[in-house]
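Here is a short briefing on one protein model. Please read it alongside the sequence and the 3D view.

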Amino acid sequence: MTPERWQQVDRLLQSALERAPAERASFLSEACSGDDTLRKEVESLLASGDNAHDFLKTPALEDAAPMLIDNKAETTPGRLIGPYEIISLLGAGGMGEVYLARDTRLGRNVGLKLLPPFLADDKKRIERFKREARAASALNHPNVATIYEIGDAQRSIYIAMEYVEGRTLADEIAGRPLESTQSIEIAAQIADALDAAHAKGITHRDIKSQNIMVSERGHVKVLDFGLAKIRTESELSSDEASAIESTATGIVMGTIKYMSPEQALGRDLDHRTDIFSLGVVLYEMTTGRLPFCGESATETIERIMHAQPEAIARFNYDVPLELERIVKKCLEKERDRRYQSARELLIDLKNLKRDSDSGAVVTAAAVRHNPKQLWPRLLIPLALLALTAALYLLLAQSKRTEQALNVGEDSIAVLPFKPLAIASRDEPLEMGIADSLITRLSGVSELNVRPLSAVRKYSDPEQDPIKAGREQQTATVVDGSIQRAGDRVRVTVRLVRVADGRQLWTALFDENFTDILAMEDSISGQVASALAVKLTGGETQLLTKHFTEDAEAYSLYLKGRYFWNKRTAEAVNKSIDYFNEAIQRDPRYALSYVGLADAFLVLPNFSVAQPKEMLPKAREAAQTALSIDNQLPEAHTTLAGISSDFDWNWTEAENQFKQAIKMNSNYATAHQWYGEYLDRRGRMDEAIRELKRARELDPLSLII
């Protein structure tokens, strides 16, 4: 089985496991498209139960390695490949086998890496194999295994490299922590090697303890730049550049448990992915275990993306606190928060080594057994911390009021959905699904739902939902991924508790796009159920309310809202076109009229239209929306704003504000505008009450 075939089986197996047993047969029948062999492979794994479980436990390249060995019997001791005589097999990896061999010309032992014979005619793999040699041979560093030559003999393409005696770091660790001084020394040598590689534009992409050799004297060699990515692709031939592109994004390379978040998602990589992987190795050296491990590949990736590793001190009290800080910085989920270069990391490791040699380090054990020892070393940091806290309190005072924000178990943020594939992302759909769920859940009186304006900024595919939930001061977060392909739409969604990252509910939907509204019904209903929210009859009806049954009109409306939210004159004008197209498909689509009203209302802000021209259009669109559906808080709020700010019709404005808030007590804009209205009317206590409520619903809104 080839690696590509393995990946295909793995994807189908995971998708099948996410479905109910009764649904799997029909799913496989459609997904395999007449490929009976593929279907039987997946069905056999499903039928074996535990075997399917174990299948997902092992990283792809580790599972693929034995499958790539075409015929070991052909490569026996004594066989000559070019000038190299085979001595013994050292190991096998995703790109071939490595043998201990003897160079008959120079009389020295070498490591000989062979491309599997059955791939000898695969031009792309051959180019990748050669690229490995060119990348590694460009490095001349004492901590990088030297490449001697690349050759071709007897239909075997090979790389002859330095034979490194010793044992792998994985064998050195063997499930137990190393001495801190040893861990620091090994990590410093690896960082030095990576600094040299990164300076030449080479990213390793598979740093792991199995790829690091340690000699009896403690000298480190980094092996296997076979997954290296050359940054300067302009220097390559068009075929080589194409080959690099095919593995740069969308295909997960490397070993899963050591991957950075961006690598696990198949994103574009830079040198900082190696820094994350080195952080994993450092954690492994200091604790004897890996920081991110799940029962399956999917669960491991989930933990890499969202979970924080357990504190090192829990497993090893003798680790310096500074080393734990270094590991944490390496393992930051966001690339910009990690070390920005291996050189920066190396400097911190060297400084720590110097302090360790002089005994000027603090360990968790020292703090645990004699906290007084810590005070002299903490006086300056504590003084700085006190000063920082004082400045923070002064700055925060302008943002605080007499009462703390009401952040209870009823608070929830629905984040923009993420694309399953960056190349074919549909941002209006990703944002629109979140907006629709926010609208539905906002009608539930027991929930405090953050508005779209508060969560719109979390559209980055690598956004950490736990961090977003903390910033939004919510107890739970809904996030998910979405991909539309023709008439099909695939959505995964989950409800996560911010405090501990626990998933309260998760589901997978794979439907025709025409069924997307029913899918939203199911998602919003199941989220409310998972939160144990008691719904009134009206709230239950709102959760499943369809403003249109035309899926294409709905899609056009989502695009209109997407561009309206960009708040530029060009984008708002484009939103008007989409809202009008939606209305043409469904003249009874009330929300599209609300969209038009909002667009006409903001256009004068860009000095491209006069208020006297736009306000009548905004009023007409909002009134049309209410004539279709009188239960639209957004339309009532728009009319209230027009009546208050431009007509000075105070009575009408207040009636409209009150109706909007009665229909949706979670509509932050209604509370904000009503508070401003009450301020102008001199009713200060009521104004403060409404603005406090607006801030509870949208705590990070600068304008509120």
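How many disulfides does the structure hold? It holds zero, a disulfide being a pair of cysteine sulfur atoms within 2.5 Å. This is a predicted model: local features need pLDDT of at least 70, side-chain atom pairs count only at pLDDT 80 or more, and totals for chains, interfaces and linings use all residues. Residues are numbered from 1 along each chain as its sequence is written, and side-chain values use heavy atoms, with hydrogens and water left out.

**Cysteines**

- Buried means under 20% relative accessible area, exposed over 50%, and partly exposed in between (1.4 Å probe, protein chains only).
- C330 is buried, because its relative accessible area is 0%.
- C293 counts as partly exposed, because its relative accessibility is 30%.

**Nonpolar cores**

- A nonpolar core is a set of buried Ala, Val, Leu, Ile, Met, Phe, Trp, Tyr and Cys residues joined through side-chain atoms within 4.5 Å.
- The largest such core has 74 residues. F417, V455, V493, I523, V527 and L632 have the most contacts inside it.
- Helix α24 (residues 590-602) gives the most to this core, with 10 residues. Helices (H or I, at least four residues) and strands (E, at least two) are DSSP runs, numbered from the N terminus.
- I523 is in contact (heavy atoms within 4.5 Å) with L437, V491, V493, W505 and F509, leaving aside neighbours within four places in sequence.
- In soluble globular proteins, nonpolar side chains tend to be buried together.

**Helix α11**

- Helix α11 covers residues 272-287, 16 residues in total.
- The expected span is 1.5 Å times one less than the number of residues.
- α11 is mostly covered: 16 of its 16 residues are buried.
- G288 follows α11 and has a positive phi, near 80 degrees.

**Strands and sheet**

- Two strands pair if DSSP finds at least two bridges between them.
- β5 (residues 147-153) and β6 (residues 156-162) pair in the antiparallel sense over six bridges. I150 has I159 in β6 as its bridge partner.
- β5 and β6 form a hairpin with two residues between them. Q154 in the turn has a positive phi of about 55 degrees.
- Three strands form an open antiparallel sheet, in the order β7-β9-β10. Its edge strands are β7 (167-168) and β10, each pairing on one side only.
- β9 and β10 pair over three bridges, in the antiparallel sense.

**K221**

- K221 lies in strand β10 (residues 220-222). K221 is the bridge partner of M213.
- K221 counts as buried, because its relative accessibility is 10%.
- The side chains of K221 and E162 are joined by a polar contact of 3.2 Å. A polar contact is a pair of N or O atoms within 3.5 Å; within protein, one must be able to donate a hydrogen and the other to accept it, and residues adjacent in sequence count only if both atoms are side-chain atoms.
- Beyond four places in sequence, K221 touches residues including P142, V164 and N211.

- R205 is not a glycine, yet has a positive phi of about 75 degrees. R205 sits in the loop between β8 (202-203) and β9 (212-214), and counts as buried at 6% relative accessibility.
- Q473 is not a glycine either, and has a positive phi of about 55 degrees. Q473 is in the loop between α19 (465-471) and β15 (476-485), and counts as partly exposed at 26% relative accessibility.
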